[in-house]
Amino acid sequence: MTEKLSVEKRFSDISYNLEVIKSNISSAAKESGRKAEDITLMAVTKTVEPIFINHAIDCGIDLIGENKVQEFLSKEEYLKLDKCKAHLIGHLQTNKVKQIVGKVEMIQSVDSLKLANEISKQCVKQNISCKCLLEVNIGEEESKTGISYDKTMFLLEEILKLEGIKVCGLMTIPPICDSEKELFEYFNKMHDLFIDIKRQNIDNIDMSVLSMGMSGDYKEAILCGSNMVRVGSSIFGPRLY
Ligand SMILES: *Cc1c(COP(=O)(O)O)cnc(C)c1O
């Protein structure tokens, strides 16, 4: 009985949280001169059990993000993926590429040429193509994965030469900032880079996605031009590892 009740309680929390987040997204979108529909809300589902992910899908979520290949593959068969797409957003090891291409709509965490090469190789083998975002380490933090800001253009040019891989934009996780001003500087720097690449109209790139903003900073990210926010704990509650 308690078990049942707590599931019901979590369901209603998730529904409520989603309403609040959608309304915040809508306000931030308007404030930045756009419409709510211009911003894609991804539900980040790492550590979340399929029953709760499916509830979010029932509430209208049509994009989820998982960090780990193994975790995604173990949940995949239980998820309502006929109504919802999935992206990989966590660091991807080259030896796991084979297992994930073709299973997710997009890999948001392309952070090296070596990884891009392997994605390309596996896509060619399977005769498919894979959408990707380049993950930029905008704070140049040693503890984080992602491409250094200065190397992004070079890497992009190299990746464009590869078959089977379609670059659709950029993703970032900014450093933890002491002030809102500092946070805005990182987000603006990412947006400038995104616009810069977009303006070059490079063949074979569709610069359409700027994925930035998480539970703690999605409103700020939208104000700086993000069009995809990745929200986990504000939807599902704190993660229990
Ligand atoms: C976990 C994670 C998120 C979501 O984080 P929250 O703070 O729980 O919203 C977003 N992006 C990536 C890459 C993540 O790993």
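## A pair within helix H7

Glutamate 185 is partly exposed, with a relative accessible area of 45%, whereas lysine 181, at 61% relative accessibility, counts as exposed (buried means under 20% relative accessible area, exposed over 50%, and partly exposed in between, with a 1.4 Å probe and protein chains only). The model is a predicted one, in which local features need pLDDT of at least 70 and side-chain atom pairs count only at pLDDT 80 or more, while totals for chains, interfaces and linings use all residues. Residues are numbered from 1 along each chain as its sequence is written, and side-chain values use heavy atoms, with hydrogens and water left out.

The side chains of glutamate 185 and lysine 181 meet in a salt bridge, at 3.3 Å from N to O (a side-chain nitrogen of Lys or Arg within 4 Å of a carboxyl oxygen of Asp or Glu). Because glutamate 185 and lysine 181 lie 4 residues apart in helix H7 (residues 180-199), they are separated by about one helical turn; helices (H or I, at least four residues) and strands (E, at least two) are DSSP runs, numbered from the N terminus.

A search of the whole structure finds 13 salt bridges. One of them joins the side chains of glutamate 49 and arginine 10, with 3.9 Å from N to O. This pair links distant parts of the chain, 39 residues apart, since glutamate 49 sits in the loop between strand E1 (40-44) and helix H2 (50-58) and arginine 10 belongs to helix H1 (residues 2-31). Glutamate 49 is partly exposed at 44%, and arginine 10 is also partly exposed, at 29%.

Aspartate 58 forms a salt bridge with lysine 80, their closest N and O atoms being 2.9 Å apart. Here too distant parts of the chain are linked, with aspartate 58 in helix H2 and lysine 80, 22 residues away, in the loop between helix H3 (69-76) and strand E3 (85-88). Aspartate 58 is partly exposed at 46%, as is lysine 80 at 29%, and a network of salt bridges links Asp58, Lys80 and Lys83.

The 14 residues of helix H5 (residues 113-126) should span 20 Å at 1.5 Å a residue, and the end C-alpha atoms are 20 Å apart, which agrees (the expected span is 1.5 Å times one less than the number of residues). Just after H5, asparagine 127 takes a positive phi of about 60°.

The buried residues of H5 are Leu115, Ala116, Glu118, Ile119, Ser120, Gln122 and Cys123. What covers them includes helix H4 (97-100), strand E4 (106-110), strand E5 (130-137), helix H6 (152-160) and strand E7 (165-172), where contact means heavy atoms within 4.5 Å.
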